[in-house]
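The stops below proceed from the whole chain to a single residue.

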Amino acid sequence: MKYQNFIKLSFPSKSVNEAFARTAIAAFCAQMDPTVEQINDIKTSVSEAVTNCIVHGYRDTFGIIYITATIKENVLTVKIADKGIGIEDVNKAMQPLFTTDPNGERAGIGFAVMQSFMDSVKVKSVFGKGTRVVMTKKIMPRDQNVIAAEN
């Protein structure tokens, strides 16, 4: 089956654009009629991924963040990528409380948050070339959400 809908976005790795990304993806997935909890989970996950691009991917430089989002058969897929420094060890980076922040200002829970709020999170990174995070979330039609909650 072809995608039912998709978007592509790109924007500078500035902190002010994190809110834009979160809001744009929330607006895009609104057509799926998600619950408030689902939309908040998606917004938080997008925020974490974009913040990782800004803080870790591009560190003290600026670059472009790329987002694609697709809807196919009640599944939202969001891909967030940068062409920054990449992650040397993805498995280590995905461990809760691990951070590469030399100032210790970051808690190191971004990937754990994404994993707890989305159905799947996959990270591919090439050190020195960039990182791509692919997240999926199944959004059931509201009438099925109500039936599931009652059971």
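**Whole chain.** This is a predicted model, in which local features need pLDDT of at least 70 and side-chain atom pairs count only at pLDDT 80 or more, while totals for chains, interfaces and linings use all residues. Residues are numbered from 1 along each chain as its sequence is written, and side-chain values use heavy atoms, with hydrogens and water left out.

Followed from the N terminus, the elements run β-α-α-β-β-α-α-β-β-α. Of the 151 residues, 42% are buried, that is, under 20% relative accessible area with a 1.4 Å probe, protein chains only.

**The sheet.** Select the five strands next. They form an open, antiparallel sheet in the order E1-E2-E3-E5-E4; two strands pair if DSSP finds at least two bridges between them. Strand E1 (5–12) and strand E4 (120–126) each have a single partner strand, so one side of each is left without a neighbour in the sheet. On average, neighbouring strands are turned by 10° against each other, direction ignored.

Now select residues 64–72 and 75–82, which are strands E2 and E3; eight bridges join them in the antiparallel sense. Lys72 has Val75 of E3 as its bridge partner.

**The helices.** Angles run from 0 to 180 degrees between N-to-C directions, with axes fitted to C-alpha atoms, for helices over the stretch in contact. H2 (residues 36–57) lies across E1, E2, E3 and strand E5 (130–138), at about 15° to E3.

How far apart are the axes of H1 and H2? The axes are 9 Å apart, and the two helices pack at an angle of about 145°. To view the contact (heavy atoms within 4.5 Å), select residues including Ala21, Ile25 and Cys29 of H1 with Ile42, Val46 and Val50 of H2.

**Thr77.** Finally, centre on Thr77 in strand E3. Is Thr77 buried or exposed? Thr77 is buried, with a relative accessible area of 16%. Leaving aside neighbours within four places in sequence, Thr77 is in contact with Thr68, Ala69, Thr70, Val134, Met135 and Thr136.

Technical notes. Helices (H or I, at least four residues) and strands (E, at least two) are DSSP runs, numbered from the N terminus. Buried means under 20% relative accessible area, exposed over 50%, partly exposed in between (1.4 Å probe, protein chains only).
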